[in-house]
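Thanks for making time this morning. I would like to walk you through one model, going from the overall fold down to a single residue.

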Amino acid sequence: MSTHALPKLSAPATRALHAAGITSLEQAAAHGQRALLALHGFGPRGITILRSALAEIGLELAD
């Protein structure tokens with residue numbers, strides 16, 4: 001299975017994802033919105049950007 005790179009996000013959001021070990025869209029999708037929003041530095045704008053990028057590859061957030 002190929003993995004898709006994370007979209008361009010703010011520096012704090014990118015750091016939050018990397019600190020949690022999330023380096024691909026597929027990993028982000030598996031974590032779900034609640035878990036992502038719980039990360040320090042990741043907010044609603046990041047969710048919007050991720051949802052759009054996920055929709056382009058036919059995926060969505062787990063919750």
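Predicted model: local features only at pLDDT ≥ 70, side-chain atom pairs only at ≥ 80, totals over all residues.

Residues are numbered from 1 along each chain as its sequence is written, and side-chain values use heavy atoms, with hydrogens and water left out.

The protein has 4 helices and 0 strands, in the order α-α-α-α along the sequence, where helices are DSSP runs of H or I with at least four residues and strands are runs of E with at least two, numbered from the N terminus. Its C-alpha atoms fill a box of roughly 30 × 20 × 15 Å along the principal axes.

Of the 63 residues, 32% count as buried, meaning under 20% relative accessible area with a 1.4 Å probe and protein chains only. Among contacts with a separation of 6 or more, 49% join residues 24 or more positions apart, a contact being heavy atoms within 4.5 Å.

Now to the loop residue: where does Ser-24 sit? Ser-24 lies in the loop between α1 (11-19) and α2 (25-31), and it is buried, with a relative accessible area of 5%. Leaving aside residues up to four places away in sequence, Ser-24 touches Thr-3, His-4 and Leu-6.

Methods:
Buried < 20%, exposed > 50% of the residue type's maximum accessible area, 1.4 Å probe, protein only.
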